[in-house]
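Thanks for making time this morning. I would like to walk through one model with you, one chain after the other, and then stop at the place where the chains meet.

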Amino acid sequence: MRHRAFAIGAATLLAVTTLGGCGSSDDGTVRLTYWAWAPGMEEVVALWNEANPDIQVTVKKQASGDELVTKTVTAAQAGTAPDLVQAEYQALPTLASNNVTADIRAEVADVEERFTPAVWQQVTLGTDAVYALPQDSGPLLFFYRADLFEEFGLDVPTTWDEFADTARELNEVAPDRDLTTFSANDAGLFAGLAQQAGAQWWTTETDRWRVAIDDEAGRRVSAFWEELVAEELVDNQPMYTPAWNQALNEGRQIAWIAGVWAPGTLATAAPDTEGRWAAAPLPQWEAGENATGSWGGSSTAVTTDTDHLPEAAEFATWLNTDPEALTALVQQGGIYPAATDARTGGALAEPPPFFANQPDFYETVAEVAEGAAPAAWGPNVTVAYSAFNNAFGSAAGRRAGFEEALAVMQRTTFDDMDRLGFEVVQ
Amino acid sequence: MSATTSAAPTPRATNAPGRPRRVALLPTAALLLGALYCLLPVAWVVVAATKSGDELFSTFTFAPGGGLLENVSDLHGYRDGIYWKWMANSALYAGVGALLSCAVSALAGYALAIYRFPGRESVFNVLLAGVLMPPVILAVPQYLLLAEADLTDSRLAVLLPVLLSPYGIYLARIYAAASVPADVVEAARMDGSGEWRIFRSIAVPMMRPGLVTIFLFQFVAIWNNFLLPYIMLSDDEKFPLTLGLFTLLNQGSNTPALYTLVITGALLAVLPLIALFLVIQRFWSLDLLSGAVKS
């Protein structure tokens, strides 16, 4: 009887071994693996596989986030990275400086014009190389409760001064409601707001980095929000909490600055408010401008580990510029495409279901997206973000000290790069 | 609680055995608080799993909703029922991994407890150092090693590192030393039994409660393991539950997290563990009732 138990154990081990050993075939077909997190990516890739029997792509679904960057870098070190990865724009400098992403400039020479210069600059990192192809972008917009704005007689602010006035007016007519919140948990939003003001947090100049988080643009944005928070004209609690969901759902917060993907988030966070929101361009620093920042967005990068660089780059080009692929990405994955000609009509002719009351939703977005400021990311975005969370978290709680918080963020980011051995100035 | 009222102190009964002792209020209160602290999140998961997406954040936290069946069927329908595949994977990793690791621990622990050989103490000390080493920091080196063997992204990559459990071997050694008397081993040798047979027919039955403990420890540890499979696996057909639920939470900024699916999935993921504990419990109480040697 004992022998049998042992035999079963051995058989299981054997079965497991054989299951594990799936190899690559050598019938001339190029097989590519692609780590991606966008929902529905399998369906989009299936279109490619059908049309390209000799280049077969397998999607391996991943969880998005900083952990995936670490995992990709580790896999690249071991020589087991996939051929393609989906990478957020702010992760590209990390991946490029670890030599994970390949330079595909020769393979994608003619696609630059399909994207806005601001987006393209994020995949070249300001160099001549091309480290990835832009997939989606998240231009910031001003989302507001159209019904409540009307009820309280508020005008949609077009400048930040008007935004502050709107917050004041709301405070007078409905003291129990807030216009929005300053969330110290979402550095991505603050980064987007700073980009709009003209910030370039990381730049490269002849073999050295410059960190400029605590610059004029950053100070302008943080001083603006400090005043609103100090006067209790906006809330100081973080976003994406159950309390925040409830505040949105019950109309205690009547506006939200977010990326173009906000409708999806609002649908889960505030399900009772369907059809009552509207999107408007982000308030401007100078009247009449059309500038915005970005929050979110990702790209498709080819890794240095691949044995099939031309084929991988060909697939990446198809995925991010072909009308059929982009339509599928919009429909299956709910992305907002980075390619400019895919931003109107087609799959984006209709507004998102949650915003059915605003038929011109995507036309508004397309206009706003034209003015998306270039983002400048560096190799330690995660450090800067966690410094933001710590420093601004306590500043927002005290409703004071935003200026010092920005200085702390600058110092932490600079020191970290210095310690890692980068040539860096500030 | 009734003990407090019945405890009328009479001098005669002060040291009488079996007399109900006075309940110490402070420790009891502290323990009750601790129990509440541990059980509240569990209660939250149970209640939240019954809420539909609309109710999740909008109704009172502990008010049950009416969407449990819908949630389960949504989870079942998500990407052609991949959730069940993840659960089967978890069962495979935890079941096979715990069984093999238990076998390795039993062999190693028995050998360390019974045999005298040079280097025995050093081996044991190295293992003790291994107990202090959190498995988390080993995940990346193990990945790099398995990449050399071309085994990453395979089920074996998750199973191999869990085979050797320093804590399991440590427990097995302690248990073997306590429950397998040297006299019994000696007697078996006198009767002409081989070493393998002594281990298999005499030592293993004696060590059984300890081995069950090791099995359960390992099973729960592997079932809940996150970092090792996260680093090792990239194909979500091979993901265990922990990883699968994590991908549901992080789908990129333009897709909201699938909270109701994750919460329902987390609740269902606990059920096999509870079932396992209920089934295996009886092996614990079945301690060695019959002593082999008289002391």
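Chain B has 14 helices and zero strands in its secondary structure, where helices (H or I, at least four residues) and strands (E, at least two) are DSSP runs, numbered from the N terminus. Please keep in mind that this is a predicted model, in which local features need pLDDT of at least 70, side-chain atom pairs count only at pLDDT 80 or more, and totals for chains, interfaces and linings use all residues. Residues are numbered from 1 along each chain as its sequence is written, while chains are lettered from A and ligands numbered from 1 in the order in which they are written.

Of the 295 residues in chain B, 34% are buried; a residue counts as buried if 20 or more other C-beta atoms lie within 10 Å of its own, as exposed if 12 or fewer do, and as partly exposed in between, with C-beta atoms placed from the backbone. If we take the contacts in chain B between residues at least 6 apart in sequence, 72% of them join residues at least 24 apart, a contact being two residues whose C-beta atoms, placed from the backbone, lie within 7 Å.

Let me turn to how the helices of this chain pack. Two packed helices are described by the angle between their axes and the distance between the axes. Helix α5 (residues 82–114) of chain B and helix α11 (residues 195–224) of chain B have axes that come within 8 Å and cross at roughly 140°; axes here are lines fitted to C-alpha atoms, for helices over the stretch in contact, and angles run from 0 to 180 degrees between N-to-C directions. That angle makes α5(B) oblique to α11(B), since angles under 35 degrees count as roughly parallel, over 145 as roughly antiparallel, 65 to 115 as roughly perpendicular and the rest as oblique. The crossing of α5(B) and α11(B) is right-handed, a crossing being left-handed if the near helix is turned anticlockwise from the far one by less than a right angle, and right-handed if clockwise. Among the residues that meet here are Tyr93(B), Gly97(B) and Ser101(B) from α5(B), and Phe199(B), Met207(B) and Phe215(B) from α11(B). By class, this contact of α5(B) with α11(B) has 17 nonpolar, five polar and no charged residues, where Ala, Val, Leu, Ile, Met, Phe, Trp, Tyr, Cys and Pro count as nonpolar, Asp, Glu, Lys and Arg as charged, and the others, Gly among them, as polar.

Helix α8 (residues 155–163) of chain B also meets α5(B), with axes that come within 9 Å and cross at roughly 35°, and this crossing is right-handed. The contact of α5(B) with α8(B) divides into nine nonpolar, two polar and one charged residues.

Not counting residues up to four places away in sequence, Ile202(B) touches Val184(B) and Ala188(B).

Now to chain A, and to strand β3 (residues 84–88) in particular. Five of the five residues of β3(A) are buried, so this strand is largely enclosed by the rest of the structure. In a regular strand the side chains alternate between the two faces of the sheet. Here Leu84(A), Gln86(A) and Glu88(A) point one way from β3(A), and Val85(A) and Ala87(A) the other way. Strand β1 (residues 30–36) of chain A runs parallel to β3(A) and is joined to it by two bridges, with Tyr34(A) as the bridge partner of Leu84(A); two strands pair if DSSP finds at least two bridges between them. Between β3(A) and β9(A), which run antiparallel, there are five bridges, and Val85(A) stands opposite Ala301(A).

Finally, where do the chains meet? The contact takes 45 residues from chain A and 33 residues from chain B. On the side of chain A that touches chain B, the largest share, seven residues, comes from α1(A). By class, that side of chain A has 16 nonpolar, 23 polar and six charged residues.
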